[in-house]
Amino acid sequence: MSTKRLSGGRRPQGHNEAAVEPANRISPEGPYETGRTELDGRPAKRDLFCFPDLILAIQDVSQATLGLRQGERELRMITELVRSHDLGRIVTSTSLAASSGLTYGTAMRAIDDLVQRGLIVKRAKTETDRSFSLHPSLDLLARWQRFARTTEELMRRRFVADAASGSPPRATKADPTVIAPLPVLDAKLPLGRALRVLVHADPTFTAMNALRRHFEMVLGVPIASRAVSIDRLRAEIITNSRRAVSNYDIVACDLPWFGEMAQANRFIALDSVSAHAPLDAADIYPDALASSRFRGRPYGVPIMTTAEMLVYRTDLADKAGVEPPRTTEALVAAARRLHTPSRGISGIAWNGGRGTPVGHTFIMTMSAFGRPILNLRRTADGFDAERIEGEQMRPAFLSPEARETAAYLLELKAFSPPDVLQMAWYDRAVAYARGRAAMAYSHTLLAPLFEVDAGAAAYRRAGYLPHPAGPRGRPIVPMGGYALAIPTNIAPERVAPVWNALRTLTSASASKLYLVNGSLASPRVSVSKDPDIRALSPVIGAVDEFNRQGIFRMWPRRPHPASRR
């Protein structure tokens, strides 16, 4: 398929089961701040006696699906072109002809014919338009995707199922739920130098970094990215806004920061640039879009949304006879039952580390007790988190819900890991993944640690629940995540091409690439419904269902403006 998947590449470098790391006090994002991934994998076995039949069947499928006129000769060129597209490798007419195995003249005629049929796109390499690179068109990528899916099914029948039980599958029709591959832009972005990006250190942006060469191919420019932890990211955004000219073209911004950043004029209002190049935002989660707006104007485009949920070990709960906890009272009882220090298992892990980690926990947990930390207006389905001013800015830390939240967390501490007061986001997810905690409050952002890593003790043994509700609360799945924004102080001539890059990096096709390369957090409903994506992990369907129920909300961490003193 044209959508790439790095086999076994989701485990961050330095992550191993033998070493039990202490709570990460220096880098709360764990190894994701390194921006590197490991690659491993092994080839599948092949039944050599079926191979000739397989080759003949593949040729039949390729003819029907790709619309080839010259059979094997065109298939070899198309395969090389799509492969180079995925690898981010430049292809010219000369190099494609050389790889085709044909004589030069025959190959050049075949390439011209593929261009005329709309299967190959020629893109100018320079401003003089005297030399061109060759790329698969969107039509060819869509055909290739269908070809790959049909061939995969054919191989499954040949090698997994009883080959005599049925005839080879016919070429499949286009499935509207399958996200189209990402084609190259019609023209290279006229940036003159690299696209400079500041991002958060997490699996989504690690996947983006792993795909850097592919995106450089798509955009036609080099990409220079920097990944930092959450507190360092906020500090760098603020520092960068004070420079005469921005060091970055695009920055990733935590959703709750948009009110503060927009109020301080640190980002460009995107409605000023989207009029000429509209954004396809119809399938982005509504609360994610709302989080990146301020006073009705958009300042960012969501690239990743993450749901904070209660995750629990289904095997341990079943063995102990513990029902999935739906209330805070039931959760305390469950943590008490599952807490077995003699076996090295704590009842529940959560962010107790000083500063942002424990503050994050308090905000999220208080929402399950029925109130945000600000005095927001109540609505029929929660709170108005977009219009915040005056009395709505008053903190609610003296409310009954705040006191109940503090008492609840103190009660949980007795059934938590010994180092809970040093834990941040990565630490709690690792404690759960490695079997040191039976439950955890955790984001889908770090679900790859136990949904993708087959060596994890919690691998595919996770149940997902909304935050258990307090006495005055309702089930809630607080939304987090990041949106990409354009700093106000970038050079004016870069704004339009940077906006095109931002639209590409946040598209549904790009989102799918992030997920198949290590992330499990998408901001788009269409991506979550893609059968390739749903097959990655049960957590995809769980979040989609929470959104359908209307409990995947952003009001617990709303984008409020900075308070005035």
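Where in the chain does R295 lie? R295 sits in the loop between strand 6 (293-294) and strand 7 (297-298), and this briefing starts from there. Keep in mind as you look around that this is a predicted model.

**Two arginines with a positive phi**

- Most residues other than glycine have a negative phi.
- R295 is not a glycine, yet its phi is positive, at about 50 degrees.
- Is R295 buried or exposed? Its relative accessible area is 59%, and because exposed means over 50%, R295 counts as exposed.
- R460 also has a positive phi, near 55 degrees, and R460 is a residue other than glycine.
- To find R460, look in the loop between helix 17 (448-451) and strand 12 (462-465).
- R460 has 39% relative accessibility, so this residue counts as partly exposed.

**The largest pocket**

- Rolling a probe the size of a water molecule over the atoms shows where empty space is left.
- The largest pocket holds about 740 Å³ of space.
- Its lining is made of 34 residues, and those nearest the centre are P256, W257, T356, I363 and R557.
- Which elements each supply at least two residues of this lining? They are helix 8 (230-241), strand 8 (301-313), helix 14 (356-368) and strand 13 (477-485).
- Helix 14 gives the largest share, with 5 residues.
- Sorted by class, the lining of the largest pocket has 16 nonpolar, 11 polar and 7 charged residues.

**The second largest pocket**

- About 460 Å³ of space is found in the second largest pocket.
- There are 24 residues in its lining, and L182, R503, S507, A508 and S509 lie nearest the centre.
- Helix 18, helix 19 (508-516) and helix 20 (525-529) are the elements that give two or more residues to the lining of this second pocket.
- The lining of the second largest pocket divides into 14 nonpolar, 6 polar and 4 charged residues.

**A closer look at helix 18**

- Helix 18, which contributes to the lining of the second largest pocket, spans residues 495-505.
- How many of the 11 residues of helix 18 are buried? The count is 8, so by the cut-off of under 20% relative accessible area this helix is mostly covered.
- The buried residues of helix 18 are V495, P497, V498, W499, A501, L502, T504 and L505.
- An α-helix has 3.6 residues a turn, so residues three or four places apart point the same way.

Definitions and conventions. Residues numbered from 1 in each chain as written. Predicted model: local features only at pLDDT ≥ 70, side-chain atom pairs only at ≥ 80, totals over all residues. Heavy atoms only, no water. Buried < 20%, exposed > 50% of the residue type's maximum accessible area, 1.4 Å probe, protein only. Helix = DSSP H or I, 4+ residues; strand = E, 2+ residues; numbered from the N terminus. 1 Å grid on protein atoms, 1.4 Å probe; cavity = no way out; pocket = protein on both sides within 12 Å on 5 of 7 lines; lining within 4 Å. Points joined across faces, edges and corners; volume = space filled by probe spheres on them. Nonpolar A, V, L, I, M, F, W, Y, C, P; charged D, E, K, R; others polar.
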